[in-house]
Every structure is written in C-alpha cells, then in structure tokens.
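Work through the following exercises with the coordinates open beside you, and compare each step with the solution.

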Amino acid sequence: MERESLEMGVVFVGAGPANLSGALHLARLVSDHNHGVANGKREGKPLGDIQIAVIEKGATVGAHILSGAVMDPRGLAELIPDFVEQGAPLETPVKEDHFLYLTRKHAIRAPITPPPLKNHGYYIVSLNRLTAWLGEQCEQSGVNIFPEFPGAEMLYDESDRVLGVRTGDKGIDAEGKRKPNFEPGVDLLAKVTVLGEGVRGSLTKKLIQRLGLDQGCEPQIYSLGVKELWELPDDRYPTGRVTHTLGFPSDQWTYGGGWIYGMQNRIVNLGYVTGLDYRDPLIDPHAEFQRYKTHPFVAKLLNGGKMIRYGAKAIATGGLHAVPQLYADGVLLVGDSAGFLNGARLKGIHTAIKSGMLAAETIFDALVSNDFSAGKLQSYEQRVKKSWITPELRRYRNFHAGFRHGRWLGMVNAGLQYITGGRAWGIFDRDHQEAGHEAVQKLAAYGYHGGGSAQRYKDLRFDGALTFNKVTDVYHAAVAHDEDQPAHLHVLDKNICATRCAEEYGNPCQRFCPAAVYEMVDDGRGTRRLQINFSNCVHCKTCDIMDPYQIINWVTPEGGGGPDYKGM
Ligand SMILES: Cc1cc2nc3c(=O)[nH]c(=O)nc-3n(C[C@H](O)[C@H](O)[C@H](O)COP(=O)(O)OP(=O)(O)OC[C@H]3O[C@@H](n4cnc5c(N)ncnc54)[C@H](O)[C@@H]3O)c2cc1C
C-alpha cells in the first residue's frame, strides 16, 4: 500500500498533560535558542524550523482525558509560572480536606488527614478542560496538533532504532475491506518520538516488550478508577471540599478507596478506585462503585441529584519499582506511560507535566548536538533522577505493596513509609511482586460455584436513580465508534472463553470491563460464545491489563472513536 511519509522533527504520541507540556516547552526552547543566536546573545547555530507534532486518538484534545482531579500545581507552575493570570481553567482552589473511614452504615471522620492526602494549596480541575487549554497554548507556540490520529504502529530501522510512528488507517470495514472513504495512515518520521499515551499505552507496551525496557524492574500494578459527575439540587457539598474515603465497599484484601470533590455550580465529582490486583474473581469495579453510592453517607449526599457524566480509566499505581528504562534510540517515555503516578497521593498530573518538560530539555540538547541515539537520550533518565519526581516516588515506593497483607497492615505500612521515607524492612517491599492479574484466584479456590456475580453483589440493584447499570453509564460517557470497522479488542484465542476461562474464572472480562464490552452469549446452538461490543469501549485499558490469560490485546480503533469526557 502506498503511504505518505512526513518528515517531522519531533513527534509526541498522545495529547495528555505530559506530552502537551513537553511539546510546549520544546517549542519555546527552540524559539528562544533561535532568537538568541540570531541576535548574538547565544553561541551556536540556529536550529531552524523544527516541526513538532502531537497526535491524539480522540476527536479533540482532552476527549479521552479522565482524572479526579486534584492537581498539585508544582508542575504547571514550572511550565507556565503565571498560569492563573493566563487563564488556566481551574475549577477552584481546595478549601478543605476530609478523610473518612466507611463501615457498612457509618462514616467516621479521621481527626487528621493522612499527609499524602492533604491538598492545601492545590486545585480541583477538570483535566479534560485543562488539557484542551494546554493544547491551545501549544498551537499558539507553533506546535502542530493532530486529533483523530491514533499512533497505530512504531516504525523501526533494522537495528531497532525508532524512526517514528505510523498512524491508523481510516475507512476499513468490519471485514477488513476498504470503504469508499478509505485513507491509509501516514508514516510520521521523527528524530525523536515521545510516547505519552497515558496508562498502558498500546505502543508503549509493545516497545517495552520488544526492547526489553522493563528488564530488572517490577511489573506495573494498576487500579481502575470509575467515576460519575452529579449535579446536586442545592449547595449541600461546598465547592472546594475534597473528601477521600477508605473502607466500604472494598473487602480487606482489595485495594480501594473513594473520592468526592466539590466543583463549581453544585457539581460533585465522585468515584471509586479498585486495585486491579484483587483476589476475588467475582469483583466488578463498576459494581464496587455503584455499591459505594449506596452507603448512607454517599446516598444522602446524592439524594435528589442527577448523574450527568460517567467515565472509567486505569491508573498505574506500581510506583518507582515499576518504572522501566525511559529511553532507547530515537524514543522517550513520559507521564503515565513511564509510570510516574504517585499512588499514595493518587496524583500524576504534576509528575506528567514535569516529565514532559525534562523530555523536552533532553530533546533540545539532542537537536543541538544532532545526536538522537540512546547514548544521548539517556540523559533524560538522569534528569528524572535529579528532579523532584524521583524523591517523591521514592518516599512512597513500597506503598502499594503493603496492601498485599490486607487493608490494616497496608495502612500501617503507609504511615511508616511516610515517616521513614519509604523503607519497608523486607516485609512490605515491592520486590518480586506478581503482576496484578496473577493475584486473581480461581472460582473454586475462592469457594464460588460458577461465575454468577450475584454471589458477591447480592444486595446491589440498579435503580436508575442512585445506581446505574453499565449500559446506562456508558451512555453518559458519550462514547462513539463507527461500528463498521474491525473490533479494536483482539482476543488472541477465543476457544478459551467458553471452556477454560468459563470454568476457571467465570469469564471475568464481563465484570472487570466497566463498559459492558464483553458478553458471553448463547450462539443459538446451545453453546456460549464471546461477543465483543467494542463500540461501548471507554479506552480504560482494563481488559488488556486484567485478563488472566493475557490474551486480550487493546489496539487503537479508527481515529476519533471513543468517549467524550467533556468537563470530566
Ligand atoms: C480516575 C482517575 C483519577 C485521577 N485523579 C488524579 C488526581 O486527582 N490528581 C492527579 O494529579 N492525578 C490524577 N490521576 C492521574 C492523572 O490523570 C494522570 O497521571 C495524568 O493524566 C497522566 O498524564 P499523561 O499525559 O501521561 O496521560 P493521559 O492523561 O492519560 O493522556 C494520554 C493521551 O494520549 C492519548 N493516546 C493514548 N494512546 C494513543 C495513541 N496510540 N495514539 C494517539 N493518542 C494516544 C490518549 O487518548 C490521551 O489523550 C487520576 C487518574 C484517574 C484515571
């Protein structure tokens, strides 16, 4: 097939906070250098017109961005010191922090907020809006942004040097044939390609495997955040209040917690995080969140309100031990793709922004010396080590591992981690941890008879007022995919589904997916088969992470498809 090739200077894959910050910072560094050389204030040669491109699979910048979000402004303040005056879309400064322990019936307020969850001086933001604004700042600085352009494949030379990225074809029908609107993807050739695809990036996953970038580090551990926005009838929950909860509905062996953030105009943003290293094979993170809302404290808060938006996305909570090698010939990893989220604080925006800036500084040096080899780009890893990202992650490096010993020991460990700067004395160390999907037990081992989720969620009803089933929720994520295209969820061996997986785990894809993509249906001949409702997919990546046989491969669908997380 004839494909167009475009020579770019630098290509950033994914328009999230990490890459947009990287692209903006790089554009400014190059421009300052060129001006400095032109008016004799800097030595060296001008770099000329370096084409910087950011490609994004969503229909617009921010469409696929889902977060809490309470933002530590440290990163943004380094990128744009006067971000408030410049009009960054901030909902509100955080005005109060609450930390609650939920029993089945009661909410017990802790006398002190655990230090990692103190948010004084931070902002509640819609990351969707903040990202869109960062995109505008990039365009004003000359960065080319291409929404609806998914990075579908990395381009390598014969010695595995990354040459750029191939974008996805458009106009392929469900049978794999070309439709009248067919347009082949473009080969974007770059001196450096920066992968900022967020959590479990589809290109990042393959790159790490191909180049062995995760050798010597621990497997990444994930959680899934499921959230809704609600419009309340009155001012019962103040703008700027941040509440974090622990306890109900998670069991002792399941990592999890809830959040409730007060936004403007009587909107509350609430959600629940479930660790994707749970043991109980019947866990359904969407159902956990729905149960969360049935707690008397949460139900009372939402009473008379209206659910207006829904979304779900995985979170990389493995911490410092799971950060892979961050560079190779012609490529760098930033933000969540590199695993820079601080799980104890549930914060990754500030580290994403900072890592994008450090990548930009590294690329600028590489442009000046015209050397884009791994040897040159290695300095990015040094920069990350010397920056505040590494001490922050080091302090909580064994945070998540403590919860393998149950909730209470996990909390004890979290406190000790804070006091001792992350030490774990060989008890709570993150070393040699299994990947999250390996923690899930088989039905029989857990004492279940078959895969009916009612065994765990006996009391959960979807009443359409407080609690919603997945299909209703997905409607509120405004998901759209052209249905006449090949499914972008590749199940590598479907024979397992109706046999081994049904027997061993009761087809957990039906539960861990928060968007009702996977369904076991009767094929009309008395046997069951897997049906993939790919058009529901909210791009959370949980299936790729959590499948016990690791046979689900999430790849990018046609550009522009997916959720539209406006205001989330
Ligand atoms: C539920 C939840 C709550 C959170 N709460 C907070 C919080 O309160 N505070 C905080 O600081 N952090 C929070 N985080 C974490 C924070 O959102 C992330 O750390 C941050 O967004 C990471 O930025 P990023 O640029 O690395 O990736 P992302 O923000 O994920 O952006 C990646 C972008 O790349 C695009 N993309 C992916 N693959 C491709 C491809 N192949 N081709 C083209 N485009 C692609 C995606 O569509 C997306 O737009 C939360 C995360 C979640 C899920």
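**Exercise 1.** Determine the handedness of the crossing of α1 and α3, and then describe how these helices pack.

**Solution.** The crossing of α1 and α3 is left-handed, a term used where the near helix is turned anticlockwise from the far one by less than a right angle. Helix α1 (residues 17-38) packs against helix α3 (residues 127-140) at an angle of about 20°, and their axes lie 9 Å apart. Because angles under 35 degrees count as roughly parallel, α1 is roughly parallel to α3. On the α1 side the contact (heavy atoms within 4.5 Å) is made by Pro17, Leu20, Ser21, Ala23 and Leu24, and on the α3 side by Leu127, Thr131, Leu134, Gly135, Gln137 and Cys138. These contact residues divide into seven nonpolar, four polar and no charged, with Gly counted as polar.

The model is predicted, with local features needing pLDDT of at least 70 and side-chain atom pairs pLDDT 80 or more, whereas totals for chains, interfaces and linings use all residues. Residues are numbered from 1 along each chain as its sequence is written, and side-chain values use heavy atoms, leaving out hydrogens and water.

**Exercise 2.** Decide whether Lys179 is buried or exposed, and list what it touches.

**Solution.** Lys179 is found in strand β13 (residues 178-183). Its relative accessibility is 15%, so Lys179 counts as buried, the cut-offs being under 20% for buried, over 50% for exposed and partly exposed in between, with a 1.4 Å probe and protein chains only. Leaving aside residues up to four places away in sequence, Lys179 touches Gly171, Ile172, Asp173, Asp482 and Asp484.

Definitions and conventions: Axes are lines fitted to C-alpha atoms, for helices over the stretch in contact, and angles run from 0 to 180 degrees between N-to-C directions. Helices (H or I, at least four residues) and strands (E, at least two) are DSSP runs, numbered from the N terminus. Angles under 35 degrees count as roughly parallel, over 145 as roughly antiparallel, 65 to 115 as roughly perpendicular and the rest as oblique.
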